Each structure stands twice: as structure tokens, then as C-alpha cells.
Amino acid sequence: MRLALRYRALKAGEHLLPLPADLPGQRVWDLALSKRPLEVYEASGNALARFALEEGEVLEVRFSLRPEPLAHDPPWREALLREPPEAWPGILAHRGHRVERALGFLLSGRPHTWFLVDDLPLDPVLFQALKEDPAHLLPLGVAPRPRVYLGGHEGKRLLLMRAPWPGEEVPMWEGLRSLDPDPLPPARALALGALGLSALGLPTGPWPYLPYLLLLALRQGKALKDLFPTAPLRALEAPLFHAFALSVTLDPRPELGLGFLALFFWNRLRPSSGVPPESPEGA
């Protein structure tokens, strides 16, 4: 996949930023900078570049990335499962392990911070998020089990920099975006347009909706299959929603819509769920 990182200078002067590099769980190549750096060097396992930028100047780096999931079974995993996730870094540091911050992005484009414990990933944030909602990462096409994040990760992220923990904030890129064409947004717009026309009494038939459904199945189908054994009620949400949407374009079936709404709210309001309501389009 081809990606781009973006940074806007808030003030004129020299700016130090990490560069994407080959690391466990990722391979980087074809790196292209929009501006020549003053210097490039390696420090503490990080590839760093120094740039002279004017106020408001935008810097971009484009690169190819091949991410891979990581899976390790560290000896400290079982002990941590008995402790609250927010305490994990402190517990491991107290026991003599080397704990560092890992700064980067999820491939959705969202900045993300996790930890490296003796060079192995530890992600309390996503562990807790997946405990609350097993479909939290479904838009990325994965549905990992929470314990993966004690020693590994899902393979849908970019690690840019490792920094001391605890420590001060470090300069970081502002955004990550994909440069590859993505047919899903226009297919979604076409599908929603067909739903709107059908709801207004101008049935379009299923054809405008089917390309979106096919693309979504290619992107999330395997993740949904992985989700069914551990969270069947959560996994049923997306198929039920799309079954109702297809019925709107043909012969509306209100019972499918009511069933989806009942399942949607049940999954979020039951005592074991702390998940905030989200749009069905995230499913």
C-alpha cells in the first residue's frame, strides 16, 4: 500500500521528525520527501530527519508499506491479565522490564500510542476497546482477540518512533492518509443514494447497492467470520442491517429494520458493554 504522512510547521525554524523505517511488523520502501532534509540520522532505534521549514509550510513524506501482524507469548502475559490495563506499564517497569512508548498511526489514519516491553508490543488501549466491543477494528478488516495485544498486534498500524516512558511529548506527523484509490466511499454514496430514493417511493432495485455490499464483504468478510465464534450477536449486526437495506430497494421488510435496531441497542446497552453508539456504516 502507498501512504503519505503530513506535517504543517506552526513556526519557522528547524523541525525534527521521525521517518518510516523497516521495523518488526512493517516493511517500508520507496520513501519520497517533499523537501530535502538538513540531515538524516539514526538515534535510539529511530530514523530521524531535520528540516528547515517556514511558518505554515507543509511537509509530506510518501512511502510504500507492507504491515504484518505480530504474535508473541511473553512470560508476563498471564500475570497482566489479572491487573487493570492502565497499570500494565508501571507493573512491568517495576519488575525490571524496559518499557518504552511506541508512537505511530493506525492505518485508519488515527494517531495511536502503545508500548514496547523489551521490544514486544503492549497495547492496553486496544485491549480494553476490544473487551468492550469485539468489532472495534472491523472497519480495518480485522477482529483480533484482546489478548493479542499483550505481546503482539493486528498488523494494521505504522510505528514511527519509540520514546522513553514516562517522557515528554515529542514532535510527530499530524496525519496519515492512503494514496491508493479506494472504491468504497463512492460505492457507499451510490448505495445510500439508492436507499434514499427507495425510501421516497422510487424503488431502484438492489443493483446500486450490490457493489457496495461486495466491496464491504471483500474488506470485512474474513473479520466477520473471525468475530462470529466470540461475539455472534455483534457479528450479526452488519448482515442484518444490509439485509434490511436491500429489502428497502425491493420490498421493504420493517421487521428486519426493527430486528437490527433491537440488536444494535442490546449490544450497546447491556451491562457488559461500555460501547458508545456508533453509525451502522462502521459495521
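Which order do the strands of the open sheet of four strands have? The order is 3-6-1-11, and the pairing is antiparallel, where two strands count as paired if DSSP finds at least two bridges between them, and where helices (H or I, at least four residues) and strands (E, at least two) are DSSP runs numbered from the N terminus. Before I go on, please keep in mind that this is a predicted model, in which local features need pLDDT of at least 70, side-chain atom pairs count only at pLDDT 80 or more, and totals for chains, interfaces and linings use all residues. Residues are numbered from 1 along each chain as its sequence is written, and side-chain values use heavy atoms, with hydrogens and water left out.

Strand 3 pairs with strand 6 in the antiparallel sense over six bridges, and arginine 27 stands opposite arginine 66 in strand 6.

On confidence, pLDDT is the predictor's confidence in each residue, from 0 to 100. The mean for the protein is 91, and 95% of the residues reach 70 or more.

Next come the strands around strand 8. Strand 7 and strand 8 pair in the antiparallel sense over seven bridges, with valine 117 in strand 8 as the bridge partner of valine 99. Their hairpin has four residues between the strands, and glycine 109 takes a positive phi near 100° there. Strand 8 then pairs with strand 9, again antiparallel, over three bridges, and leucine 116 stands opposite proline 121 in strand 9. This second hairpin has two residues between its strands, and aspartate 118 in the turn has a positive phi of about 50°. Five of the seven residues of strand 8 are buried, so the strand is largely enclosed by the rest of the structure; buried here means under 20% relative accessible area, exposed over 50%, and partly exposed in between, with a 1.4 Å probe and protein chains only.

Aspartate 123 is buried, at a relative accessible area of 0%, and, leaving aside neighbours within four places in sequence, is in contact with His112, Trp114, Tyr149 and Arg157. In helix 3, Pro124, Leu126, Phe127, Ala129 and Leu130 are buried, and what covers the buried residues of this helix includes helix 2, strand 7, strand 8, strand 9 and strand 10.

That brings me to the nonpolar cores, each a set of buried Ala, Val, Leu, Ile, Met, Phe, Trp, Tyr and Cys residues joined through side-chain atoms within 4.5 Å. The largest has 44 residues, of which Leu5, Phe63, Leu80, Leu122, Trp173 and Leu176 touch the most other members. Among the elements that each supply at least two residues to this core are strand 1 (2–8), strand 6 (58–67), helix 2 (88–94) and helix 3. Apart from this core lies another, of 12 residues, including Tyr212 and Phe264.

Finally, how many salt bridges does the structure hold? There are 19, a salt bridge being a side-chain nitrogen of Lys or Arg within 4 Å of a carboxyl oxygen of Asp or Glu. Glutamate 57 pairs in this way with lysine 35, the closest N and O atoms being 3.2 Å apart. Glutamate 57 lies in the loop between strand 5 and strand 6, and lysine 35 in the loop between strand 3 (26–33) and strand 4 (39–43), so the pair ties together parts that are 22 residues apart in sequence. Glutamate 57 is partly exposed at 24%, and lysine 35 is partly exposed at 28%.

Technical notes. Contact means heavy atoms within 4.5 Å.
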